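Subject: Structure handover

Hi there,

Here is the structure I promised to pass on to you. Please have a look at it first, and then read my notes below.

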Amino acid sequence: MLPCCEICHDIREGAPTDDDEAIARSLAGDLAAYEALVTRYSTLAHRTAAMLGAGDEAEDVVQEAFVKAYRHLGTFRRDAPFRPWLLRIVANETHNLTRSRGRRAELVVKLTEADHPGGEVPEDVAVATDRRARLLDAVRTLPERERQAVVCRYFLQLSEAETAQVLDLPVGTVKSRTFRGLARLREEVARDLI
């Protein structure tokens, strides 16, 4: 069974039904098939770029990543999943952007839609918003390597294997960077409570 994200929900006639078909048709010159891949992964790619430090330039990073992915689609290993391969390109483009800025990457996090559940006490909403802001600030202060691992694992909800593929690291390195990042976040949160 294919993961949900790899199943095309596009009901248009002739649209590719999964990533494999979209890739095969794209390689044969079907631009509409590649457009289906872009549509399917744009939101995730944008979120990845933003959380890894592209900030206001995330849209440019994502566009460049999709162009590069298209140009190199012929080198894509067909037995591998497309999503981690694409996100690795997004991560590399983001890294190139932040490096070229000549300064430490600044995260611009776009949270999922702000939830304003009815019936919540305004003070509770304010406290939750403050906690979320402090957590995001703490994530932003992590060393880049640890921040990337934490963002991929917990904000993008990628598996360790997918994170390793996206960041081009061994799984063991992902585990250690995630562990160190979480330890720093725990220290920061504990310090905040004192």
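Gln 148 sits in helix H6, residues 144-155 (helices are DSSP runs of H or I with at least four residues, strands are runs of E with at least two, and both are numbered from the N terminus). If residues up to four places away in sequence are left aside, Gln 148 touches Leu 52, His 95 and Leu 167 (contact means heavy atoms within 4.5 Å).

Before going further, please note that this is a predicted model, in which local features need pLDDT of at least 70 and side-chain atom pairs count only at pLDDT 80 or more, while totals for chains, interfaces and linings use all residues. Residues are numbered from 1 along each chain as its sequence is written, and side-chain values use heavy atoms, with hydrogens and water left out.

The chain as a whole

The chain has 8 helices and 0 strands, so its pattern along the sequence reads α-α-α-α-α-α-α-α under the DSSP assignment. Of its 194 residues, 39% are buried. Among contacts with a separation of 6 or more, 64% are between residues 24 or more positions apart. The chain exposes about 11,400 Å², and carbon and sulfur atoms supply 53% of that area (accessible areas come from the Shrake-Rupley method with a 1.4 Å probe; for residues, only the protein chains shown count as cover).

Pro 16 belongs to the segment before helix H1 (19-27). With 3% relative accessibility, Pro 16 counts as buried. From Pro 16 to Leu 37 there are 21 residues in sequence and 8.9 Å in space, C-alpha to C-alpha.

Helix H2 is worth a look in your viewer. Asp 30 caps the N-terminal end of H2, with a side-chain oxygen 3.0 Å from the backbone nitrogen of Ala 32. Leu 31 lies in H2 and, at 56% relative accessibility, counts as exposed. The C-alpha atoms of Leu 31 and Tyr 70 are separated by 9.8 Å, although the two residues are 39 apart along the chain.

Just after H2, Gly 55 takes a positive phi of about 60 degrees.

Helix H3

The buried residues in H3 include Ala 58, Val 61, Val 62, Ala 65, Phe 66 and Ala 69. These residues cover an arc of only 130 degrees around the axis, which puts them on the same side of H3 (the arc is that of the directions from the helix axis to the C-beta atoms). In general, an α-helix has 3.6 residues a turn, so residues three or four places apart point the same way.

Back in H6, the buried residues are Glu 146, Arg 147, Gln 148, Ala 149, Val 150, Val 151, Cys 152 and Arg 153. Gln 157 lies in the loop between H6 and helix H7 (160-167). Gln 157 has a positive phi of about 55 degrees although it is not a glycine, and at 67% relative accessibility it counts as exposed.

Asp 168, in the loop between H7 and H8, also has a positive phi of about 55 degrees without being a glycine. Its relative accessible area of 48% makes Asp 168 partly exposed.

Thr 173 is found in helix H8 (residues 171-193) and is partly exposed at 23% relative accessibility. Thr 173 and Ala 149 are 24 residues apart along the chain, with their C-alpha atoms separated by 9.2 Å.

Enjoy exploring the model!

Best wishes

Conventions
Polar contact = N/O pair within 3.5 Å; in protein donor to acceptor, adjacent residues only side chain to side chain. Buried < 20%, exposed > 50% of the residue type's maximum accessible area, 1.4 Å probe, protein only.
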